[in-house]
Amino acid sequence: MQAVLHIPESAVQEVMQQLFQINKLSKPILQNRVRAILKKHHADNDELVVKEITNAVSESSMTTLLSQDGPLGTAKKRAAYVRREFPMVNPIQYVVEKGRKALAYVPIIPMLQKLLNNPNVLNKAMAGKVHVPQEYRSYADGQYFTENSLFAKGEFTIALSLYIDDFEIANPFGTSKLKHKMCAVYWLIANIPAKYRSTINSIQLALLCNTSTVKECGYAKVLQPLIYDLMLLEQNGVYVEQLGGSVKGTVLHVAADNLGAHSLAEFLESFTVNKFCRFCMASSGDIQQQQMAELQTITMRVIVSEGDIRKMKMTTKPDTVEDLIRWLKDALQANYNFVLQYQDPKFNNELCNLTDVSELPGKPTIKIIPLIDLVPVTEQSESCSDTISQVDTEILPIVSPNRSSQWPEKFEIPKCSVDVEYRLRQGNLLNLKDGSYLKVTKELKHDILQTLAETIYTFKAYPQKEDCAAVAKSLVQTHPCLKEKRSSGWEGWKNSIYFKIEGMGGHNLEGARQVLVQEMMKTKPNSMLVKKEMDATFALRRQEVVNDKPAINQMVQRWPALFTESEVYYEFSRVVGKNLRENWFTRLLFSKPG
């Protein structure tokens, strides 16, 4: 209680006395219970027998040891009992210099003996470590460990981890703030698994002294008894009774906070000195003239496209986003304009537009978003020009929904996402087993309808209700678990599919068209957004062209993106399902003059 709960010795003594009194006062109750049990079993109810049994039970209780005459009755007796009965190593006082305060040292050799004679500790220390090539799992995978003459033998060797730290035991403020400052050295057996190393029971005290003694005498003198024991451990080892032999060991590493590490290495313990960092060795003048981060290499992951993701390094940190873009253009030899997005750790690594290089994390992931420079078209233009606009980026092979196939005689239900397919497969198995139907959630229905609508769109831009009925029939035939309890079993799915297709038009598509118009008013529209919205509004656009036959100037006003080079290619592919550029050059290649 004193060591763990920090209860004063007087309070501990009072608790011990009260426990003894409780045991003493409980004797009459115990005597009545003994008498009742003897009577129940028709045994001899002699009072002398009852008293003898009661005394025997009462004296067998540990609380009888707490009496004034008992071995645990006083603090002095308890301390003697612990030294006699428990594996305890007493600290020794060590005088560094005459006239100086003595330090307390707990010998690590006998402490190791006591710990390793405990089978539980020894088994954990000797547990084999899993080594996986090309992976760093523990200190045993490091270069220093494998090159150490003791550890490299492959035998059981004790690895000690030392930790040094200063602390105040009194008020750390005021005129006496350094008077009672203490320096402590701790150690633990690093062989035990990592999950046990941070427990209080695993950390042992090796040395304790005043910090002033360290300052005046130096670490060489203060640590002399510890270093002597470590030399014995390396040369002779420590005898472990469980193993029947000696086991050698050495120090694996010394840990400390920044000030403690500076003190141990005899650096200045201040951040106001000229060279305050032991890692980069930067001086105060250096940080006033330039940022030290500029001298460090910046490693980044650059997503050029889905199939081209690169690891790139910059020797200096850019000042602006424009500097970063210029560097990327030179490094990638890109002859097109682009903007940058980055994965923001604050938003679960979702992509955000990069507007300031200070937003970038340590090792950023950057995505390149190509931009297309558009050629403005005047509203008075009544015909399309034969001149092809110049764009800064190469047109990649166009991937767009094709309608090169006729509506099939039997509509094949497309595959959905992995999660949806798994749920449908499980539902079909249950339907086959007991005829039960799958409970279709809102999210599941949305995913199924979205997949069906995209496939229908590849065949027809304006499917009729008969077409939707054919798709619904095929859906419940392919997935019986989706059958409805109505007469047909698919009527509701037919309506849902039809409304889904209709939902692509009307007000929704008109809103998307207005977004397109607003985007095209910008100096540099977002080409990816333009492509996405043009794909989505194809049905509305074709309906206007077929039914209304608008003039060119009206089309320019309503669909300005349609009159850019890239969208000319994309629209051709949407209408006929062919790549205009490839077909044009193929025909040109095989054409014969005159």
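Is phenylalanine 145 buried or partly exposed, and what is its relative accessibility? In this predicted model, phenylalanine 145 has a relative accessibility of 18% and counts as buried.

**Aromatic side chains**

The structure holds six aromatic pairs. In one of them, phenylalanine 145 and phenylalanine 151 are stacked, with 4.6 Å from centre to centre and 15° between the planes. Tyrosine 163 is partly exposed at 32% relative accessibility, and tyrosine 186 is partly exposed at 25%.

Aromatic rings also meet charged groups: lysine 465 places its charged end over the ring of tyrosine 498, 5.2 Å from the ring centre, while the charged end of arginine 541 sits over the ring of tryptophan 559, 4.9 Å from its centre.

**Salt bridges**

Side chains of opposite charge can pair when their charged atoms come close. Seven salt bridges are found in the whole structure, including those in the table.

| Salt bridge | N to O distance |
|---|---|
| Aspartate 323 and arginine 326 | 2.3 Å |
| Glutamate 519 and lysine 522 | 3.0 Å |
| Glutamate 544 and arginine 558 | 2.5 Å |

Aspartate 323 and arginine 326 stand three residues apart in helix α14 (residues 321–332), and are therefore separated by about one helical turn. Aspartate 323 is partly exposed, with a relative accessible area of 25%, and arginine 326 is partly exposed as well, with 49%.

In the bridge between glutamate 519 and lysine 522, glutamate 519 counts as buried at 7% relative accessibility, whereas lysine 522 is partly exposed, with a relative accessible area of 47%. The bridge between glutamate 544 and arginine 558 joins helix α21 (residues 538–548), which holds glutamate 544, to helix α22 (residues 552–558), which holds arginine 558, so the pair ties together parts that are 14 residues apart in sequence. Here glutamate 544 is buried at 11% relative accessibility, and arginine 558 is partly exposed at 28%.

**A nonpolar surface patch**

Met1, Val4, Leu5, Val15, Leu19 and Ile22 make a nonpolar surface patch of about 560 Å². One of these residues, leucine 19, lies in helix α1 (residues 9–25) and counts as partly exposed, with 37% relative accessibility.

Technical notes. Residues numbered from 1 in each chain as written. Predicted model: local features only at pLDDT ≥ 70, side-chain atom pairs only at ≥ 80, totals over all residues. Heavy atoms only, no water. Salt bridge = Lys/Arg side-chain N within 4 Å of Asp/Glu carboxyl O. Helix = DSSP H or I, 4+ residues; strand = E, 2+ residues; numbered from the N terminus. Buried < 20%, exposed > 50% of the residue type's maximum accessible area, 1.4 Å probe, protein only. Patch = residues over 30% accessible without salt bridge, like charges linked within 9 Å, V, L, I, M, F, W, Y side chains within 5 Å. Areas by Shrake-Rupley, 256 points an atom, 1.4 Å probe, with all protein chains shown as cover. Phe/Tyr/Trp six-rings, centres within 6.5 Å; stacked < 30°, edge-to-face > 60°. Lys NZ or Arg CZ within 6 Å of the ring centre and 35° of its normal.
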